Amino acid sequence: MTREIEKKLRDAVRELLEKGTIDRIVGYEAGSLKFSTTPLITSNKADVDRLVINPFTHSNLSVFLRDLCGKVGIVAKGCDARSIISLIQDRQIARKDVFVIGAPCGGVIDLAKVEKLTGLDRDEVDDIVWQGEKAAITFAGSTQKFSAKEVLADSCLGCDPSDFKECDMLIGEIEPIVGGKELGQDRIREMEAMAPAQRWEFWKKEFSRCIRCYGCRQVCPACFCDRCFVEETEPRWISPLPKWQDNLIFQVVRMMHVAGRCTNCGECERICPANIPLGSLTKKMEEIVDELFQYRAGTDKDAPPLMAAYQPDELEDLMR
Amino acid sequence: MKKIKKQSIPELLEKWQKEFAVFVPSKASGVSQMEVWDGQDTAFLNRNRNTAVPPKEKFLPGMEKMFGFRKEEGSYVVEPTDGEPPKQLLFGIHPCDARAIGIIDMVFKDAYDDKYYLSRRENTVLVGMACTSPYDSCFCTSLGFGPADAMDVDIMLIDIGDAFLIEEVTEKGRGILAGAKGVIEATEKDEKEAAAARESANAKVSRKIDTAEISRRLPLVFNDREFWEEVSAKCVSCGICTFLCPTCYCFDINDEMLQDGSGARYRNWDCCSFAIYTRMPAENPREEKWRRVRQKVYHKYLFYPELFNVIACTGCGRCIRQCPVNWDITQTLSNLPAGSPGKAEEKKKAS
């Protein structure tokens, strides 16, 4: 099945490059570790046969678009496709310069969840394959089946397939593996149930681990400032020292900056080396944006960008 | 050789705790790193894979106060930080991380003695533990040692089932074992088991690089812009690989000031992948990403060896497994173009 999709993708990309429809392709190839993929950015037709589509295509490749010149073909999952639209809305890239190849992913597998389920590290797990609606994980000499909810990234749960827009080409069928908006909300409901003081303690502990590697910012397509506010020195908005208070402020301000742009792709949380559950912040922010503005990031390339356009008569219930 | 039963280790740790702050590999904080032993946890005696945050953090903390200062009569008075750093014992560190400490020691006592680093270092005892389950990203055996070798530690433990075989490496190590309960003479069988464990650990490290070939090629490909642009294309310029690298030691210096002019000077980790690196004192000479990626590779595999005769990489694999995009230094090193011999000659002549 996957092979067939991959063949279709490779053939399509080869033709696009040959015809000059695109100058280069940004896709995924097999990574050097188990259950990993790595971005493949190439203009060379000979590299096309390395393209893959599988449940481990974690990266949101739209983060590379601003740096690439010429017409760029990009393999995009649903959330990535929304990021691309958001970048177009913000005039960071031009619609005509990008050729979007939609690759419905059925959700990416969250290897941190797999590690919790198996009690092993990812390199000690033997195999992970989809069998119908279950993920069959082989480890420690036997195979166990888990539901999609148990293994998919939280950001994929309740992913809305109707969001998949602006694709110039579609490889495969769009069908969500796990439907139902509420599925990805468990963690924020838990957090909402906490008393404010308890929640404060929770985030204090989480942000105490932050090492200020700025991985969250660097993998984020919505973080496209040429110079991040963290790097400003006149005035200096926050300290570059990794104190938990400054770490928290950095992330809160980053969240505000990406509100209406963040598509909840889950990359910031996945790559965080300190395991800070940033997805809880992005998910809550997505809800607030929806509630206040009835706005969903990256679903209409012609809509004015939420935080960069202001109407005099719009509601003023922003500060609360 | 001596040995100690695993069940006797907690008592030994308690004894050491009277003199040292004892750190062990732990996930209690939410990320695996060296943490103060809680007196209960013994999981690391049976399963001890490399911590996500390397133990270098105990010598070069992510944030360290250097001194305080205050304004007085139109000038500044410096207030040194109080006294010596506490005595610490790191239990269960792996050969790659211990070797890394040995490697960065060189730079901290090179042009000048870095008292912050060195005083922590002098007050530390390293109890190594052979690594019996290397990750698929590990490649230490290509860097001149194996996952069970006793290097740069004070004592070394090798897992032989229900006990550890003990190698006493330094006087310091012998000292901390003196009078320890449960330390007994090892038998010939124990030593054989340790040798087998060492061999099996070595065999588990499957990732390889050819350092001789790398040393030959690197001087030839510095100006191969096309190659470096290609390999750096997917790098996102975050600080993960360097911050979590046990041999990366760059730091930045920042002051925190109050309105009355008093404050403190700190140092914190810095990273050559950042576009803003060294922009405060001057300019970043490596504005483009490919130059920064190249710098990281050259610093570890060419510049450091030129200065200190050792590669500044111990193959711990953190930069590979923690990288957001799986940028793999072993692939870059293995794919270095052969370069042209002519260029090598030119370089030789020029020097």
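## Domains of chain A

Twelve is the count for one side of their contact: 12 residues come from domain 1 of chain A and 13 residues from domain 2 of chain A, two residues being in contact if their C-beta atoms, placed from the backbone, lie within 7 Å.

## Basis of the model

This is a predicted model, in which local features need pLDDT of at least 70 and side-chain atom pairs count only at pLDDT 80 or more, while totals for chains, interfaces and linings use all residues. Residues are numbered from 1 along each chain as its sequence is written, and chains are lettered from A and ligands numbered from 1 in the order in which they are written.

## Interface between chains A and B

Contacts link 29 residues of chain A with 33 residues of chain B. On the side of chain A that touches chain B, β2 (37-42) and α7 (215-218) each supply at least two residues; helices (H or I, at least four residues) and strands (E, at least two) are DSSP runs, numbered from the N terminus. The most is given by β2(A), with three residues.

## Helix α3 of chain B

In helix α3 (residues 115-122) of chain B, the buried residues (20 or more other C-beta atoms within 10 Å of their own, C-beta atoms being placed from the backbone) are B:Y116, B:Y117, B:R120 and B:R121. Elements covering them include β4 (63-72), α2 (95-108) and β7 (124-129) of chain B.

Definitions and conventions:
Buried ≥ 20, exposed ≤ 12 C-beta atoms within 10 Å, placed from the backbone.
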